[in-house]
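Student: I have not looked at this structure before. Could we go through it by question and answer?

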Amino acid sequence: MTVVESDVGEVCGDGEREPDPSDSLRTFGAVVQALREHAGLSRVEFGTRVRFSKHTVESVELGRRMPDEAFVERAEDALGNTGALRKAARHLSRGEPGLAAWFRRWARLEKRAVSLCTYECRLVPGLLQSEAYVRAVFDNSIPLLTDEQVEVQVAARLDRQRMLRERPHVPFSFIVEESVFRRRLGGREVMRTLLDHALEHTAPRNVTLQVVPLDAESHSCLDGPLQLLETLEGKRLAYSEGQQNGRLISSTQEVSLLHQRYDTLRSQALNPMETRGLLERLRGEL
């Protein structure tokens with residue numbers, strides 16, 4: 001029996017499924033599928049032309065496999081040689097374990113941001129969470145995570161927090177609802193360590209934490225959580241997140257409006273010194 005190259009690749013492990021498919025892999029796969037269907041080819045017919053199995057074609061189209069150079073070149077030849085797949089393949093990246101698919105692009109952007117602002121009303125922002133609090137967050141995930149999945153999530157969250165330590169010249173601003181710090185997620189001891197952690201990591205001059213008190217009579221961000229950043233090139237972007245989804249916002253008009261809301265909320269929240277006093281009192285109550 002003749003062994004085609006795709007079979008050899010799969011035997012060697014090159015055809016293994018991505019453990020956590022990235023957005024770029026899914027997008028590339030969707031383009032391949034659209035071009036294939038436009039050409040009137042089934043997966044079997046296309047697989048014959050590119051000398052890869054139907055299952056490999058399916059895995060690439062669903063974003064479950066990183067296509068190798070041979071697949072990209074043969075797919076180009078089979079689908080019109082437009083150059084679209086070659087260009088798209090340059091931007092492919094693997095998934096990032098521990099980060100939700102809808103958050104990955106923002107996570108990459110914030111690593112290079114020259115400023116970052118975060119408003120949260122659900123839980124303490126990820127960059128300020130203690131390890132015990134992180135574990136409590138993921139222990140409450142539905143469906144329940146396996147022990148291995150929890151460890152991957154915790155490691156990713158803690159690794160992301162390195163930004164606060166490694167970028168001392170970048171201003172980080174956080175505004176958080178008082179109710180978030182009063183909710184005893186994980187129990188008293190978890191919240192004690194969380195408050196200690198938050199006080200320690202917001203002490204540097206480039207990190208600002210403000211709390212919106214329970215008795216605040218005005219509130220400009222009632223539409224929900226919000227993140228804002230500015231890139232090295234001066235581009236301002238925003239991100240909002242909900243149940244199982246997130247939205248990256250680049251519209252100049254929308255981002256400007258969200259900045260106005262965030263800036264207004266700053267004036268409605270406790271100032272940083274008042275905030276530290278509140279957190280210290282909450283810590284003393286536990």
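Student: How many bridges join E2 to strand E3?

Tutor: Keep in mind that this is a predicted model. Strand E3 covers residues 207-212, and E2 and E3 run parallel. Within this pairing, Ile175 stands opposite Gln210 in E3. The number of bridges that join E2 to E3 is six.

Student: Which residue stands opposite Ile175 in E2?

Tutor: E2 also pairs with strand E1, residues 115-120. That pairing is in the parallel sense, over five bridges. The residue opposite Ile175 is Tyr119.

Student: How many residues of strand E2 are buried?

Tutor: In a regular strand the side chains alternate between the two faces of the sheet. Phe172, Phe174 and Val176 point one way from E2, Ser173, Ile175 and Glu177 point the other way, and all are buried. Strand E2 (residues 172-177) is therefore largely enclosed by the rest of the structure, the buried residues being six of the six.

Student: Is Thr275 buried or exposed?

Tutor: Thr275 lies in helix H14, residues 272-285. Leaving aside neighbours within four places in sequence, Thr275 is in contact with Leu209, Gln210, Val211 and Leu270. Buried means under 20% relative accessible area. Thr275 has a relative accessible area of 1%, so Thr275 is buried.

Student: How many residues of the contact of H8 with H12 are nonpolar?

Tutor: H8 contributes Ala132, Tyr133 and Ala136, and H12 contributes Val190, Met191, Thr193 and Leu194. Of these residues, one is polar and none is charged. The number of nonpolar residues is six.

Student: How many disulfides does the structure hold?

Tutor: A disulfide needs two cysteine sulfur atoms within 2.5 Å. For Cys221, the nearest cysteine sulfur is that of Cys121, 9.1 Å away, and Cys221 is in no disulfide. Cys221 counts as buried, at 5% relative accessibility. The number of disulfides in the structure is zero.

Student: Which residue just after H5 takes a positive phi?

Tutor: Helix H5 covers residues 69-78, and its buried residues include Phe71, Val72 and Ala78. The positive phi that follows H5 is about 105°. The residue that takes this phi is Gly80.

Terms used
Residues numbered from 1 in each chain as written. Predicted model: local features only at pLDDT ≥ 70, side-chain atom pairs only at ≥ 80, totals over all residues. Heavy atoms only, no water. Contact = heavy atoms within 4.5 Å. Helix = DSSP H or I, 4+ residues; strand = E, 2+ residues; numbered from the N terminus. Nonpolar A, V, L, I, M, F, W, Y, C, P; charged D, E, K, R; others polar. Buried < 20%, exposed > 50% of the residue type's maximum accessible area, 1.4 Å probe, protein only. Pairing = 2+ DSSP bridges.
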